[in-house]
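Try each task by yourself, then follow the solution one step at a time.

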Amino acid sequence: MRLVGVAVTATASLLLTACGGGSGEGAAGSASKLKKGDTFVIADETQPLSGLDPIMAQAHDAKRMVAQFYEGLLQLAPDGKTVEPALAEQWKRTSPTEYEFTLRKGVKFHDGSELTAEDVQFSLKRIVDPKQNSPYKSLYRIADVEVKGDSQVVVKLTQPQTSLPRLLAQPWSGGIVNKKWVTAKSVDELKTQENGTGPYKLDEFKEGSTITTSAYPDYWDGAPEIAKVQYRVMPDESTRVQALQSGAIQMTQVRLPRNTQQLDKAGFTVGDTYRVGAYWLAMNVKEGPLSDERIRQAVNLGVDRKQLIEIGSQGAGVASGVIPPGDPFGADVGADMPNYQYDPEKAKQLLADAGAKNVTITLAIRAESPEKLATAQLVKEQLAKIGVTVEIRQVEWSRLVSAITSGKWNADLVQLTAALNADPSQYLDLWFAKGGAATKINDDKLWQMMAAAVEDAQTDEARTAAYREINRYIAEKAYILIPYASVQVWEAWAPGVKFSAEPSNTRLLLKDATLR
């Protein structure tokens, strides 16, 4: 098992503890008997809460499914860095605010209709249509999308946007849909139906139970070898691990490091992973105790990140800014990052300077997620030492997502874990976009820095430097508390399967998987 990422304040090796269960090589052997033509079964925690509409797929569970059905004009290479052709076989930047895309010929939607330039025009305009309320709208600077001939589309921008190709390279932030089909469907129907150009098509959607898919025979890049895939809902991780070992399923995602060691020892494959799972504790800066910068700084200084990495992430974490180190544009967090070093005495002094006595802050976290609760409880214990009381509220996942996206937090801190985003601007826009529903700050300087990173930085090096400075500024202002970044999930599968995990961990490469 190999981890991809750079350790900063912790050692690169995982401090794992084996747990009981499993039956060694025999378990792996029983799971590898799947034959070509058999149904390939994957177990996941949840089904997509937002449904299958690509422009609404922001949560990780939705991205995983949308990635099987929909595609963008472009795609990212397996390393997550290089942009390559997909539905567009060619593209070029014809001016600072204009891109031209030439569509691939012969691409078909799952209903058999051919992809047209009008479909692309409709899809991109739909993403930025205010009526759609897509979480990706704020990422784009699209002024207009024009059809040029039968197979060309011109995207016109209000201002330069170097992030555009990367946004169009993800099935969720740039998914292309069929205009005629989508306009004939209701919002609810789009949640449980699909008509993409992707490698798999939907056969059956059983709410709360299973999603069954089959390889699309007319897929432009060749039909996948694994002909039928069924996704089963198994909320409990130990149940998923046991199911993989017994051969009841062939693949699952694992969050707890100790379970990856158990599966690795039993002969299963645990895929390459990336430290992009920043453990965000977003702050309500507009109201309540955290509206005082000194209290926010005290809370950051009162958190012992080294202890949180060792215990909360079981040694798998590293220090992180809002843009995690595992992102292609991420940067290491050095010892000089403002308000990052554990200093309880300075924290107490800041609280005294603010006249803050008996400070109580509420922290909303995802319910039924033991690793999240364990970290939250450790944060609570640490902050109690500086005189800050933390009240932890466990909130059902769907309600927590709704609270964040609507901006109705009803808490001082809200916990969420990052996943690899199509572009680094997306991490920032979730919490800090000007006018964003979830935004709890008012800072023109930060908004100018965010805009410059998208509009002015013309090279990868320049963008990385820009986001390094943004990370530092946010740390200075203590707008968010980030105990660490670690692997969000590990993908694990039976030894009879040849599969490659990639940075987003959304099974984008399932189409290339084979049975040995």
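**Exercise 1: two helices side by side**

Lys 445, Leu 446, Met 449, Met 450, Ala 453 and Val 454 of helix H15 are in contact with Arg 463, Ala 466, Tyr 467, Glu 469, Ile 470, Tyr 473 and Ile 474 of helix H16. Contact here means heavy atoms within 4.5 Å, and helices (H or I, at least four residues) and strands (E, at least two) are DSSP runs, numbered from the N terminus. Before you start: this is a predicted model, where local features need pLDDT of at least 70 and side-chain atom pairs count only at pLDDT 80 or more, while totals for chains, interfaces and linings use all residues. Residues are numbered from 1 along each chain as its sequence is written, and side-chain values use heavy atoms, with hydrogens and water left out.

*Task.* Work out what kinds of residue make up the contact of H15 with H16, and how the two helices are arranged.

*Solution.* 
1. Sort the residues: 10 are nonpolar, none are polar and three are charged. The nonpolar class is Ala, Val, Leu, Ile, Met, Phe, Trp, Tyr, Cys and Pro; Asp, Glu, Lys and Arg are charged, and the others, Gly among them, are polar.
2. Look at the axes: H15 (residues 444–455) and H16 pack at about 165°, with their axes 9 Å apart. Axes are lines fitted to C-alpha atoms, for helices over the stretch in contact, and angles run from 0 to 180 degrees between N-to-C directions.
3. H15 and H16 are therefore roughly antiparallel, a label for angles over 145 degrees.

**Exercise 2: salt bridges across the chain**

*Solution.* 
1. Arg 126 and Asp 53 form one of them, with their closest N and O atoms 2.5 Å apart.
2. Buried means under 20% relative accessible area, exposed over 50%, and partly exposed in between (1.4 Å probe, protein chains only).
3. Now try Asp 336 and Arg 472, whose closest N and O atoms are 3.7 Å apart. Asp 336 is exposed at 54%, while Arg 472 is partly exposed at 28%.
4. Finally, spot the network of salt bridges that links Asp 44, Arg 64, Glu 491 and Arg 507.

**Exercise 3: buried spots in helices**

*Task.* Say which residues of helix H8 are buried and what Gln 426 touches.

*Solution.* 
1. In H8 (residues 257–265), the buried residues are Pro 257, Asn 259, Thr 260, Gln 262 and Leu 263.
2. They pack against helix H7 (237–246) and strands S12 (251–254), S13 (269–270) and S21 (490–493).
3. Just after H8, Gly 267 takes a positive phi of about 100°.
4. Move on to Gln 426, found in helix H14 (residues 425–432) and buried at 5% relative accessibility.
5. Leaving out residues up to four places away in sequence, Gln 426 touches Lys 63, Tyr 136, Leu 139 and Asn 421.

Definitions and conventions. A salt bridge is a side-chain nitrogen of Lys or Arg within 4 Å of a carboxyl oxygen of Asp or Glu. Angles under 35 degrees count as roughly parallel, over 145 as roughly antiparallel, 65 to 115 as roughly perpendicular and the rest as oblique.
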